[in-house]
Amino acid sequence: MALSARSVVAAPVSRRSAVKCSAAFTKVSSTSQLKSAGGKQVVEVGGQKVLLLDVNGEISAVSNKCSHLGLPIQGKTALFTAEVKDKCVICPAHGTAFDVKTGEVKGEWCPKLPNLPLVGKGPGKKPLPVFQVRVSDSGDIEVNV
């Protein structure tokens, strides 16, 4: 039985099928700047508002948009001033406490809002996005968004 020679041509790889992964830390602040801001500082990274928090000497980064209605957790007015308590950041508008490391809801969902018939408290319980943080030996704070 004779074998015939065939030429094998590789199919071109589509750009759409290529997986693109990028994980890059971006310098956003320093420990001295965060300290002078009272341990809470809003920075913009990759088009997102990120809230840096110094909780007992540990730096955390969470989304500055509440996962309930997208309102700022730390804003420019006294009305939107985040409170940090028991390793949680508390949304000033709704009173929900989010763990600063995991983003998980701790305690009651939106305790400041009434529980309305049929709609409850609006959109369901949802964690707050958190981001990886690293601090250099020189005190630079970098966030991976």
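In which strand is the place of Asn144? Asn144 sits in strand E10, which covers residues 140-144; strands here are DSSP runs of at least two residues, labelled E and numbered from the N terminus. What we're looking at is a predicted model, where local features need pLDDT of at least 70, side-chain atom pairs count only at pLDDT 80 or more, and totals for chains, interfaces and linings use all residues. Residues are numbered from 1 along each chain as its sequence is written, and side-chain values use heavy atoms, with hydrogens and water left out.

pLDDT is the predictor's confidence in each residue, from 0 to 100. The protein chain has a mean of 85, and 82% of its residues reach 70 or more. Residues 3-21 are another story: pLDDT is below 50 there, and the stretch has zero contacts (heavy atoms within 4.5 Å) beyond near neighbours in sequence. Where pLDDT is low, the predicted coordinates should not be read in detail.

**Two residues and their exposure**

Buried means under 20% relative accessible area, exposed over 50%, and partly exposed in between, with a 1.4 Å probe and protein chains only.

| Residue | Relative accessibility | Class |
|---|---|---|
| Asn144 | 13% | buried |
| Ala93 | 26% | partly exposed |

Asn144 also has a partner: its side chain makes a polar contact with the side chain of Gln132, at 2.8 Å. (That term means a pair of N or O atoms within 3.5 Å; within protein, one must be able to donate a hydrogen and the other to accept it, and residues adjacent in sequence count only if both atoms are side-chain atoms.)

As for Ala93, look in the loop between strand E6 (88-90) and E7. Leaving out residues up to four places away in sequence, Ala93 touches Leu71, Phe80 and Lys112.

**Inside the fold**

A nonpolar core is a set of buried Ala, Val, Leu, Ile, Met, Phe, Trp, Tyr and Cys residues joined through side-chain atoms within 4.5 Å. The largest one has 15 residues, and Leu51, Val62 and Phe98 are among those with the most contacts inside it. Strand E3 (residues 48-55) gives the most to this core, with three residues. Another core of eleven residues lies apart from it, including Val28 and Leu52.

There's one aromatic pair too. The ring centres of Phe98 and Trp109 are 6.5 Å apart and their planes are at 85°, so the pair is edge-to-face (centres within 6.5 Å, planes over 60 degrees apart). Both residues, Phe98 and Trp109, are buried.

Technical notes
Helix = DSSP H or I, 4+ residues; strand = E, 2+ residues; numbered from the N terminus. Phe/Tyr/Trp six-rings, centres within 6.5 Å; stacked < 30°, edge-to-face > 60°.
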